[in-house]
Amino acid sequence: MEKIYYTIGETAEILGESTSLVRFWTNSFEKFLNPRRNAKGNRIYTADEIDTLKQIHLLVKEQGMTLEGAARRLAEDRRSVDSRVKALDTLKEIRAQLAEIRSSL
């Protein structure tokens with residue numbers, strides 16, 4: 001069962017990045033990200049917000065776009081960015097399954 005909210009640490013682990021980078025992206029992409037805060041005041045992210053962070057990760061880290069360019073791309077053509085992220089996630093899952101099969105041989 002999927003969780004409703006993820007801590008910033010869990011979110012950073014999913015992305016493979018640091019919590020400070022997740023905080024920075026959250027502040028830089030306020031138009032697209034608005035995480036809630038728990039009783040302690042810590043940011044908590046939904047699955048949709050994590051998907052948005054994955055899209056930002058793809059654009060900035062993997063495609064080398066600037067923050068402004070990534071924001072512009074998300075505003076203009078978010079659907080194609082989302083389909084690329086989902087395709088990459090699927091390929092990563094397949095790679096993990098193949099590695100598991102290989103280790104069991």
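In this report, Ala, Val, Leu, Ile, Met, Phe, Trp, Tyr, Cys and Pro count as nonpolar, Asp, Glu, Lys and Arg as charged, and the others, Gly among them, as polar. By that scheme, the lining of the largest pocket has five nonpolar, two polar and four charged residues.

The structure is a predicted model, in which local features need pLDDT of at least 70 and side-chain atom pairs count only at pLDDT 80 or more, while totals for chains, interfaces and linings use all residues. Residues are numbered from 1 along each chain as its sequence is written, and side-chain values use heavy atoms, with hydrogens and water left out.

**Overall architecture**

The protein contains four helices and three strands, arranged from the N terminus as β-α-α-β-β-α-α. Helices (H or I, at least four residues) and strands (E, at least two) are DSSP runs, numbered from the N terminus. The C-alpha atoms fill a box of roughly 45 × 35 × 20 Å along the principal axes. Of the 105 residues, 30% count as buried, where buried means under 20% relative accessible area, with a 1.4 Å probe and protein chains only. Among contacts (heavy atoms within 4.5 Å) with a separation of 6 or more, 53% come from residues 24 or more positions apart.

**The sheet**

The three strands form an open antiparallel sheet in the order β1-β3-β2. Both β1 (6-7) and β2 (36-37) stand at the edges with a single partner strand each, so one side of each has no neighbour in the sheet. Two strands pair if DSSP finds at least two bridges between them; β1 and β3 (residues 43-45) are joined by two bridges. Within this pairing, Thr7 has Ile44 of β3 as its bridge partner.

| Residue | Helix | Relative accessibility |
|---|---|---|
| Thr11 | α1 | 0% |
| Glu49 | α3 | 11% |
| Gln55 | α3 | 3% |

Thr11 counts as buried because its relative accessibility is 0%. Leaving aside neighbours within four places in sequence, Thr11 is in contact with Tyr6, Val22, Tyr45, Ile50 and Leu53.

Glu49 touches Leu33, Asn34, Pro35 and Ile44, not counting residues up to four places away in sequence. A polar atom of the Glu49 side chain lies 2.9 Å from the backbone nitrogen of Thr46. From Glu49 to Leu67, the C-alpha distance is 17 Å and the sequence separation 18 residues.

Gln55 touches Leu74, Arg78, Val81, Asp82 and Val85, again not counting residues up to four places away in sequence. The side chains of Gln55 and Asp82 are joined by a polar contact of 3.1 Å. A polar contact is a pair of N or O atoms within 3.5 Å; within protein, one must be able to donate a hydrogen and the other to accept it, and residues adjacent in sequence count only if both atoms are side-chain atoms.

**The largest pocket**

The largest pocket has a volume of about 180 Å³. A pocket is an open set of points on a 1 Å grid over the protein atoms alone, where a 1.4 Å probe fits, with protein on both sides within 12 Å along at least five of seven lines; lining residues have an atom within 4 Å of a point. Its volume is the space filled by probe spheres set on the points, which are joined across faces, edges and corners. The lining consists of Ile14, Leu15, Gly16, Lys54, His57, Leu58, Glu62, Val85, Leu88, Asp89 and Lys92. The elements giving two or more residues to this lining are α1 (8-15), α3 (47-62) and α4 (67-104).

Notes:
Buried < 20%, exposed > 50% of the residue type's maximum accessible area, 1.4 Å probe, protein only.
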